[in-house]
Amino acid sequence: MRFLLIEDHAPLARAVVDRLSLDGHVVDHADSMTEAWDFMATTSYDLILLDIMLPDGDGRAFLRRCRETAEATPVIVLTARSEVSDRVSILDLGADDYMVKPIDFSELEARCRAVLRRRGGSAANRLALADLVFDALAGTLETAGGVVQLRTRELRLFETFANAPGQIFSKPALVDRLFSFDEDVTENAIEVYVARLRRHLEHSSVRITTVRGLGYKLDLP
């Protein structure tokens, strides 16, 4: 998944980025609302992690603007305020969840997974696709050939396809999903990861199809 972290406290931001990146997520970091809007003007995100106290304003104003403009990206608010009234106001503004600082990173990861599952209309990590089972949490594919442990970017790429069977994804769109702005990669990297996934799918009827001139899609029988 691609996350946007809006946090001006540099040590905390680095810790969050490092922890989520270990799980294979792409995390862009903005230290102000202005920079966050610049990021959002150029790419889309699966989840936003939003601090409340920012150098150019209150994060609640950012959240309010998101919801007023029909920006539906899920938002988890990071706040130092523990009063019930503050948490209620955050949820009423349209936040999907919140965490009170100091942050426990295991809990943060779990809350991210829960919010993304709810947005995807699922309460489970396991997804059945024809004759294979994809477990996003365990990072595995189960086919007639056995269980395959996916590497992090293989996992994120297959997750992208699995969440939208039949949808065509261009190479630039997939690069945008798998890599952050500060990573210097070419579209050839996508070909490498697609080739790896195709080998993992050899014992399944599910296929990743090349649509000439457009990109790739996941085909179910």
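Let's start with the cysteines. The sulfur of Cys112 lies 16 Å from the closest cysteine sulfur, the one in Cys66, and that is too far for a bond. Keep in mind that this is a predicted model. The cut-off for a disulfide is 2.5 Å between the sulfur atoms. The disulfide count is zero.

Are these cysteines buried or exposed? Cys66 has 0% relative accessibility, so it counts as buried. Cys112 has 3%, so it counts as buried too.

The largest pocket has a volume of about 1,000 Å³. Its lining has 41 residues, and the closest to the centre are Met1, Leu116, Ala136, Glu159 and Asn163. Which elements give two or more residues to that lining? They are α5 (105–119), β8 (126–129), α6 (152–162) and α7 (171–178). By residue class, the lining splits into 18 nonpolar, eleven polar and twelve charged.

Now the sheet. Four strands make an open sheet, ordered β8-β9-β10-β11, with antiparallel pairing. β8 and β11 (146–149) are the edge strands, and each pairs on one side only. On average, neighbouring strands are turned by 20 degrees against each other, direction ignored.

One pairing in detail. Strand β9, residues 132–135, runs antiparallel to strand β10, residues 140–143, and three bridges join them. Phe134 has Leu141 in β10 as its bridge partner.

One link to take away. Strand β8 is an edge of the sheet, and β8 also gives two or more residues to the lining of the largest pocket.

Terms used. Residues numbered from 1 in each chain as written. Predicted model: local features only at pLDDT ≥ 70, side-chain atom pairs only at ≥ 80, totals over all residues. Heavy atoms only, no water. 1 Å grid on protein atoms, 1.4 Å probe; cavity = no way out; pocket = protein on both sides within 12 Å on 5 of 7 lines; lining within 4 Å. Points joined across faces, edges and corners; volume = space filled by probe spheres on them. Nonpolar A, V, L, I, M, F, W, Y, C, P; charged D, E, K, R; others polar. Buried < 20%, exposed > 50% of the residue type's maximum accessible area, 1.4 Å probe, protein only. Pairing = 2+ DSSP bridges. Axes fitted to C-alpha atoms, helices over the stretch in contact; angles between N-to-C directions.
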